[in-house]
Amino acid sequence: MTEGTTSAAAEGTDILTRLEQEGEIAADYLEGLLDIADLDGDIDMDVEADRASVSIISDSKSRDLQKLVGRDGEVLEALQELTRLAVHRETGDRSRLMLDIAGYRAGKRAELSELGAKAAAEAKSSGESVRLQPMTPFERKVVHDAVKAAGLRSESEGEEPERFVVVLPA
């Protein structure tokens, strides 16, 4: 191995170790919150797309975890920010950690990917730009990825919280 390859591999290991540490800190924080709220849930940690990913899942059919998702994922977004702050407090580094609760974000990702693919198909067939409704940064990212996968470009326009995706024709 060359020196450049060795240092790149070491850097990749360092990043993975840092992301795993973020996941562990987040899991500890979330377990404490679950205990305080007296909610049952298991914590699953992973590293996806260069960011730590933590999920709270439950084997029971109880809707208790839905309380942590809230209407349109509002509570989930707030918990994600609090968890990122907890990680930042421990590590001193800004975290891009993603939190999912009861599969809400995974389901939303599938729904948004389909929306992005449909908007791309519409832009291709009409030859005109397609403007979508305002979305959160997470939602826009998923749509941008789906549009890119369909072979088109998209961009975000507007100001938060009214920022939206525009799918551009070829």
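This is a predicted model: local features need pLDDT of at least 70, side-chain atom pairs count only at pLDDT 80 or more; totals for chains, interfaces and linings use all residues.
User: How many helices and strands does the chain hold, and what makes a segment count as one?

Analyst: Helices are DSSP runs of H or I with at least four residues, strands are runs of E with at least two, and both are numbered from the N terminus. The chain has five helices and six strands, arranged along the sequence as α-β-β-α-α-β-α-β-α-β-β.

User: How do you know that the span of helix α4 agrees with its number of residues?

Analyst: The expected span is 1.5 Å times one less than the number of residues. For the 23 residues of α4 (residues 104-126) this gives 33 Å, and the end C-alpha atoms are 33 Å apart, so the two agree. Just after α4, G127 adopts a positive phi of about 75°.

User: Which residues of α4 are buried, and what do they pack against?

Analyst: The buried residues of α4 are R105, K108, L112, G116, A119, A120 and A123. They pack against α3 (74-91), β3 (98-101), β4 (130-134), α5 (137-149) and β6 (164-168), where contact means heavy atoms within 4.5 Å.

User: Why is R140 called buried?

Analyst: Buried means under 20% relative accessible area, exposed over 50%, and partly exposed in between (1.4 Å probe, protein chains only). R140 has 8% relative accessibility, and therefore counts as buried. This residue is found in helix α5, and, leaving aside neighbours within four places in sequence, R140 is in contact with M135, S156, E160, R163, F164 and V165.

User: What makes the pairing of R140 and E160 a polar contact?

Analyst: A polar contact is a pair of N or O atoms within 3.5 Å; within protein, one must be able to donate a hydrogen and the other to accept it, and residues adjacent in sequence count only if both atoms are side-chain atoms. The side chains of R140 and E160 are joined by such a contact at 2.8 Å.

User: Why is R105 said to lie over the face of F138?

Analyst: A charge sits over a ring if NZ of Lys or CZ of Arg is within 6 Å of the ring centre and within 35 degrees of the ring normal. R105 lies over the face of F138 at 4.6 Å from the ring centre.

Methods. Residues are numbered from 1 along each chain as its sequence is written. Side-chain values use heavy atoms; hydrogens and water are left out.
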